[in-house]
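Here is a short briefing to read alongside the model. Take a moment with the structure first, then come back for the notes.

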Amino acid sequence: MKCLTIKQPYAELIASGIKKAEIRSWKTKYRGEIFIHAGLGIDKAYLNKYKDVIDIENLDSSAIIAKCNVVDCVKIDENFIKKYNEDNKDSGYYISNKNIGNYAFILEDIQKIDKIPAKGKLSFWEYKEC
C-alpha cells in the first residue's frame, strides 16, 4: 500500500482526525487508500501549539500510525483556506496564508492503527509487508 511520511506533530494530528489535509509543494493525481507514516523529524516550533489536542510527550516516530483515503488534491488559494478553516474551526488546526500556491491532499476515512515500525521515504512510497 502507498505510504506518505509526515513530520510530527502533523502525522499525529492526522491520525487523531484533527488535520484533514496534508500540505505539499507538489500535486498528485493519486486517489485512494494510504498509510500515514510518522517520520523521524519533529517540527519542535509547533509542539506546544498542539499540546491541548494531542499527547506531544509520546509521539511515535519511524512508524506507520494511521490509514486514510486521499480523495482530492487542491491548489491552495485564499478561498480554499477560508473554507477549510471555517469547516474545521473546532479542530485546533488551521491552514495559513503562507501555504498559498501549495497543494492540499484532502484526507477522509482517517483511522488510527497500531503502529508498524518502518523507515520513511520521500513522496509516496510502497509498504509491501501487509
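On one side of helix 2, Glu-78, Asn-79, Lys-82, Lys-83 and Asp-87 are exposed. Keep in mind that this is a predicted model. The notes below start with that helix, then turn to charged pairs and cysteines.

**Helix 2**
- Helix 2 spans residues 78-87, and its buried residues are Phe-80, Ile-81, Tyr-84 and Asn-85.
- Viewed down the helix axis, these buried residues fall within an arc of 120 degrees, so they line one face of helix 2.
- The buried residues pack against strand 2 (21-24), strand 4 (63-75) and strand 5 (103-117).

**Salt bridges**
- The whole structure holds 8 salt bridges.
- Within helix 2, Asp-87 and Lys-83 sit 4 residues apart, about one turn of the helix; they form a salt bridge whose closest N and O atoms are 2.7 Å apart, and both residues are exposed.
- Glu-22 and Lys-19 also form a salt bridge, with 2.5 Å between the closest N and O atoms, but both of these residues are buried.
- Lys-19 and Glu-22 join Arg-24 in a network of salt bridges.
- Lys-89 pairs with Glu-86 at 3.2 Å, N to O; Lys-89 is partly exposed at 44% relative accessible area, and Glu-86 is partly exposed at 46%.

**Cysteines**
- The disulfide count is 0.
- For Cys-73, the nearest cysteine sulfur belongs to Cys-68 and is 13 Å away.
- Cys-73 is buried, with a relative accessible area of 15%, and Cys-3 is buried at 0%.

Terms used
Residues are numbered from 1 along each chain as its sequence is written. This is a predicted model: local features need pLDDT of at least 70, side-chain atom pairs count only at pLDDT 80 or more; totals for chains, interfaces and linings use all residues. Side-chain values use heavy atoms; hydrogens and water are left out. Buried means under 20% relative accessible area, exposed over 50%, partly exposed in between (1.4 Å probe, protein chains only). Helices (H or I, at least four residues) and strands (E, at least two) are DSSP runs, numbered from the N terminus. The arc is that of the directions from the helix axis to the C-beta atoms. Contact means heavy atoms within 4.5 Å. A disulfide is a pair of cysteine sulfur atoms within 2.5 Å. A salt bridge is a side-chain nitrogen of Lys or Arg within 4 Å of a carboxyl oxygen of Asp or Glu.
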